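New notebook page, new structure.

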Amino acid sequence: MADLIITIDGPAASGKSTAARLLAKKLGASFLDTGAMYRAVTLAAMRAGVDLSDEQKLLDITRTCEFQFSVKAGKMTVCIDGADVTEQIRSPEVTANARYIAAAPGVREKLVQMQRQFATGQKKIVTEGRDQGTVAFGDADIKFYLTADSAERARRRQAELRDKGAGESLEQIQRAIEQRDKSDERRAAGPLKPAEDAIVVDTTNMSIEQVVEKLAGYIKEKCSKKT
Ligand code: C5P
């Protein structure tokens, strides 16, 4: 396993992906976006036309498709059977359907295994998702849980979507985010919640730079206590 494991969990659009990426860059660490893994399985299952609530079919997809996750220029690149699907996994349809894949315990187990395997090859890693501090890396060195109120998260997501040319209303985006929160918090396997030993940071009134500074400050403090 890596010498330093930092986990960042939190709800949709809480700023965890950007924070994880920038923090990893600052620390010279690898970065893992585990949401991209759930999205990749979702896209592969949609393309195969399988019933998304059929766990066995989803498990077959994880066995028969070849998934590749790599980080290029600080961005996670995802391939299915050799084809780059980095953009396609961000579509609104994939975002909405990912909850079926996230609720399948066997698929979660398989993806957690892949996440641990990924971490084994790294010296330092910042990994983000919903269950990184609670399930995948229970003994991580530092665990963060980022949150923000749903109206602010919707504003952030709208700005992101606008940059991509999409024009959903703020209300639609906020509703979709709250639905995703509910299904992430209520599932039995790997539900979204802060680990008992997580540092909870409310980012509602913070810029991304402030978030990264704050997390880096905690890490510095923790690492200086260790030595
Ligand atoms: O973080 P992102 O929005 O890309 O994640 C997509 C979906 O994958 C989430 O809505 C969540 O249901 C699921 N997910 C998960 N566990 C993780 C990461 C993501 O259940 N560790």
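This is a predicted model: local features need pLDDT of at least 70, side-chain atom pairs count only at pLDDT 80 or more; totals for chains, interfaces and linings use all residues.

Next, burial. Of the 227 residues in the chain, 48% count as buried.

Then I checked the charges. I found 36 positive and 33 negative side chains, and the centres of these two sets sit 2 Å apart.

On to the fold. How many helices and strands does the chain have? I get 9 helices and 8 strands. The radius of gyration comes out at 17 Å, close to the 17 Å that the globule rule gives for 227 residues, so the chain is as compact as a globular protein of that length. Taken along the principal axes, the C-alpha atoms fill a box of roughly 50 × 40 × 35 Å.

I also looked at who touches whom. Among the chain's contacts with a separation of 6 or more, 72% are between residues 24 or more positions apart.

Last entry: disulfides. The count comes to 0. Why is C65 in no disulfide? A disulfide needs two cysteine sulfur atoms within 2.5 Å, and the nearest cysteine sulfur to C65, that of C79, is 13 Å away. Looking from the other end, C79 is in no disulfide either, and its nearest cysteine sulfur is that of C65, 13 Å away.

Are these cysteines buried or exposed? C65 is buried, at a relative accessible area of 16%. C79 counts as buried too, at 14% relative accessibility. The cut-off I used for buried is under 20%.

Note on methods
Residues are numbered from 1 along each chain as its sequence is written. Side-chain values use heavy atoms; hydrogens and water are left out. Buried means under 20% relative accessible area, exposed over 50%, partly exposed in between (1.4 Å probe, protein chains only). Helices (H or I, at least four residues) and strands (E, at least two) are DSSP runs, numbered from the N terminus. The radius of gyration is taken over C-alpha atoms; the globule rule is 2.2 Å times the number of residues to the power 0.38. Contact means heavy atoms within 4.5 Å. Lys and Arg count as positive and Asp and Glu as negative; His and the chain ends are not counted. The place of a charge is taken as NZ of Lys, CZ of Arg, CG of Asp or CD of Glu.
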